[in-house]
Amino acid sequence: MKLDMQKAYDSIEWPFMEQVLNALAFPDKFVKWVMTCMETVTYTVMINGNLTKPFEAKKGLRQGDPMSPFLFVLAMEYLTRSLKTLNQIPDFNYHPKGDIGSIKLLFQCFMEFSNASGLMINKHKISIFFGGVSQADQEEILELLGIQKGELPTYWAQVFVLPKKITKLIEAMCRSFLWTGEGSISKKALLAWEKVCLPKSAGGFNIMNIAVWNKAAICKLRGRFGKVSWRRIVFHNTGCPQWTFILTVAAHGKLYTKDRLHKWGLQVDQKCVLCNQDNETIHHLFFECTYAKALWSALLPWQIIRRPVAGWDEELQWAEKKTKRNTAATELYKMAVAATVYHVWQERNTRIFQAKVTGWEAVSKKIIQEIHCRSTKHTAGILHRLDWYPV
């Protein structure tokens with residue numbers, strides 16, 4: 001069943017949101033702050049070029065407010081927990097296959113949520129999909145719910161070989177969006193598209209290669225790829241995607257460091273902007289630079305790792321051995337490596353393009369805070385013991 005709610009942000013009832021926040025045990029003062037932000041909303045309407053007097057809103061979340069998406073997620077948490085309670089009913093089945101009783105309970109659960117929250121079904125977009133259900137049962141269910149029957153689409157790219165011109169155009173648009181964030185086609189790229197489409201274990205980003213996928217969908221082919229030695233550091237890394245993205249590009253040696261820009265003929269000062277001592281290379285920037293060394297000298301003992309900071313190649317080799325075991329300490333270390341490489345690169349760019357300087361002490365605290373925020377059940381225990389700053 002595919003559900004769609006009409007005017008979702010505009011329909012949420014304020015008393016419902018307040019009850020949800022209280023039920024989730026948010027502090028009373030915090031709830032009052034949130035409700036004040038929601039309830040102090042006024043609107044004006046322009047009629048014939050003139051604005052009317054402001055009038056107050058009575059419900060809904062403001063579009064564009066940074067807080068609204070989080071509040072909407074909390075509202076949907078109510079629906080999620082309501083659906084989970086259905087599992088306590090012996091005769092209920094999440095995959096009913098024509099079980100009208102289960103479908104009634106499922107639909108009734110959503111209607112109760114709708115009445116409580118103010119979120120209404122968009123009957124023009126809601127639909128139900130059937131598989132292995134008799135025609136008679138389908139008609140009975142459709143009549144009961146009053147919604148339309150959905151049809152699973154058949155993609156012609158899974159039936160016919162796409163022309164090379166089409167696949168190249170799609171890949172060019174995807175490549176441009178990945179590296180520039182825009183839809184217009186650009187030749188800017190840090191990594192070759194073939195490497196980007198490799199699995200993460202082979203040093204890629206596991207992005208779909210349209211031409212290969214097209215042939216695989218038709219022929220059911222599976223490719224084999226060589227694995228890179230540092231794959232374990234980025235594979236199943238629970239850090240932020242931005243961290244692992246920059247770490248992967250750095251491991252490929254494709255970041256726009258000053259030595260690479262100089263090789264391309266660009267006239268740039270090759271001195272490392274973080275230490276102003278040696279020339280900037282990937283090997284120097286992330287481990288040999290005095291700024292990076294100071295950062296690592298704080299973060300390694302924080303993880304109870306007692307060893308000196310080594311060079312880029314040595315660190316990757318050590319990380320390869322360290323990450324063979326799937327322990328909480330390993331998961332923490334992988335996050336720390338990705339976060340440190342990312343923040344060193346960010347600090348380097350901030351100094352060059354914005355002329356702003358942040359000390360390694362403040363950056364180390366920020367990394368530790370962000371790692372705590374990315375805590376999982378696996379790392380919660382060890383992070384509880386590491387609830388301190390090394391500087």
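Which residues form one aromatic cluster? Phe-16, Tyr-78, Phe-110 and Phe-113 do.

## Basis

The model is predicted: local features need pLDDT of at least 70, side-chain atom pairs count only at pLDDT 80 or more, and totals for chains, interfaces and linings use all residues. Residues are numbered from 1 along each chain as its sequence is written, and side-chain values use heavy atoms, leaving out hydrogens and water.

## Aromatic pairs

Rings of Phe, Tyr and Trp (its six-membered ring) pair if their centres lie within 6.5 Å; planes under 30 degrees apart are stacked, over 60 edge-to-face, and the rest tilted. By this rule there are 13 aromatic pairs. One of them, Tyr-43 with Phe-55, is tilted, at 6.2 Å centre to centre and 40 degrees between the planes. Tyr-43 lies in strand 2 (residues 42–43) and Phe-55 in strand 5, so the pair ties together parts 12 residues apart in sequence. Strands are DSSP runs of E, at least two residues, and helices runs of H or I, at least four, numbered from the N terminus.

Tyr-43, at 37% relative accessibility, is partly exposed, and Phe-55 is partly exposed at 40%. Here buried means under 20% relative accessible area, exposed over 50%, and partly exposed in between (1.4 Å probe, protein chains only).

The rings of Phe-205 and Phe-245 are stacked, because their centres are 4.6 Å apart and their planes at 20 degrees. Phe-205 is in the loop between helix 8 (193–196) and helix 9 (210–219), and Phe-245 is in helix 11 (residues 241–251), 40 residues apart. Phe-205 is buried, with 15% relative accessible area, whereas Phe-245 is partly exposed, with 22%.
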